[in-house]
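Hi there,

Here is the structure I promised to pass on to you. Have a look at it first, and then read my notes below.

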Amino acid sequence: MGIFSFFSREEDDEDEYEEEQTQEAGRQPESALTGELFKGMRMDVTDKEGLPLLSGKVSEKSPDSLSLTRLPGELSFKIVTIGATVNINGFDKKLIPISLSGTVQESSRTIFKLKNLKVESHAENRDNFRLPYTAPVSLFRKEDDHFRHPEECTLINISTGGCCVQSEYAHIEDEVLRIRVKLDDYAPQNFLGQIVRCSEHAPGQFWYGILFAQLTEQETAALNKTLYNLQMGIKDTLMRDETGYWRR
């Protein structure tokens, strides 16, 4: 797949964006080939382990390089080692996850530049895209199917394939758990998952990489839409229709 397919040939205006989002929000894209980077879009930068480094908006782009500047309201970037390999993730206007990797060329408090950009494969886009996001998470033993005994912890990042959480509770690799995630104002979402990675992040604090059980196409599309809205700062509001019922 050529990286050229990920760059917009021309900048869309706001009306086109709103119309495109409305048309595409309810269905899963069939191909990542239509994914496009555009100026002003938010991108989240993580290290090779998926740990969040910084978030910014696209200011300059070329077929093999990318520059990010600060998001509105953000004070400064974290300084990242020059030459380090990082992952860059975002959603395009059609809710398609875009996953890139690159080498840090410049890193300051106000600008972040990457070179040697490479596009992750289509399958990796769908399965490995991770949105760094802090939110409350509850873990439950597999047999606790009524969610009676929660272990409260914190979300580090999440994708349609799984999540990373920080917890003070000890678990072992391959353990199967039930996960309840509360993302912003959205209703809590429940997943069945398996711990595939464990590490002690700090004394008494553990990071667990959890692989979700395979989601249905409808579940994947809904979670992708939620992650896109969170990344772009879009509130999923409810409106009352003519019959008096609430709808999204």
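Ser101 has Lys118 as its bridge partner in β6. Strand β5 (residues 97–107) runs antiparallel to β6, with 6 bridges between them, and a hairpin of 3 residues connects β5 to β6. On strand β3 (residues 65–69), Leu66 is bridged to Leu114 of β6; β3 and β6 (residues 111–119) are also antiparallel, over 5 bridges. Strands here are DSSP runs of E with at least two residues, and helices are runs of H or I with at least four, numbered from the N terminus. Two strands count as paired if DSSP finds at least two bridges between them.

Please keep in mind that this is a predicted model: local features need pLDDT of at least 70, side-chain atom pairs count only at pLDDT 80 or more, and totals for chains, interfaces and linings use all residues. Residues are numbered from 1 along each chain as its sequence is written, and side-chain values use heavy atoms, leaving out hydrogens and water.

Now for the charged pairs. The whole structure holds 4 salt bridges (a side-chain nitrogen of Lys or Arg within 4 Å of a carboxyl oxygen of Asp or Glu). In one of them, Glu175 meets Arg141 at 2.5 Å, N to O. Glu175 sits in the loop between β10 (162–167) and β11 (176–181) and Arg141 in strand β8, so this pair ties together parts 34 residues apart in sequence. Through shared partners, salt bridges join Arg141, Glu151 and Glu175 into one network. The Glu151 to Arg141 bridge spans 3.7 Å, N to O.

Enjoy exploring!
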